[in-house]
Amino acid sequence: MPLTPRSAIAATLALALLGACAALAPTPTKTADGVLVGTNGMTLYTFDKDVAGSGKSLCNGPCAANWPPLMAAGSDKASGDYSIITRDDGKPQWAVKGKPLYFWVKDSKPGDQTGDGVNKVWHTAKP
């Protein structure tokens, strides 16, 4: 059955809406006070020693105990500025603009940013 002009317009609008929904895929972070935070509201950080786009985290073992990675679930899909890297232990971690994301154990409540500037290599993650 051929499409009528009205059904062709409706089909085009439906496809455009589906495309817009795909572009709005959920991200693993939110923005609060100009920095990225996890869905728990806790501040996220980047590590200067991680090379953007390398797909590697250089914060493992004791480092990761102090700077817990923002882990990705097996079903998570990267999109936009977000990618998923594989850590040395084989587990997936979120990255933004190629830089792995971490929490800081000394932040005790949402809004804390006590990890910014630690050892001059840790910084709040920016959107």
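This is a predicted model: local features need pLDDT of at least 70, side-chain atom pairs count only at pLDDT 80 or more; totals for chains, interfaces and linings use all residues.
Residues are numbered from 1 along each chain as its sequence is written, and side-chain values use heavy atoms, with hydrogens and water left out.

Next, colour strand S5 (residues 92-96), which pairs with S6 in the antiparallel sense over two bridges. Strands here (E, at least two residues) are DSSP runs numbered from the N terminus, and two of them pair if DSSP finds at least two bridges between them.

Now show the whole open sheet: three strands in the order S4-S5-S6, with antiparallel pairing. Strand S4 (82-86) and strand S6 (99-100) are at the edges with a single partner strand each, so one side of each has no neighbour in the sheet.

Move on to Thr-124 in strand S7 (residues 122-124). Is Thr-124 buried or exposed? Thr-124 counts as buried because its relative accessibility is 6%; buried means under 20% relative accessible area, exposed over 50%, partly exposed in between (1.4 Å probe, protein chains only).

Finally, select Ala-125. Leaving aside neighbours within four places in sequence, Ala-125 is in contact (heavy atoms within 4.5 Å) with Val-35, Leu-36, Leu-44, Tyr-45, Thr-46 and Leu-101.

Technical notes: Helices (H or I, at least four residues) and strands (E, at least two) are DSSP runs, numbered from the N terminus.
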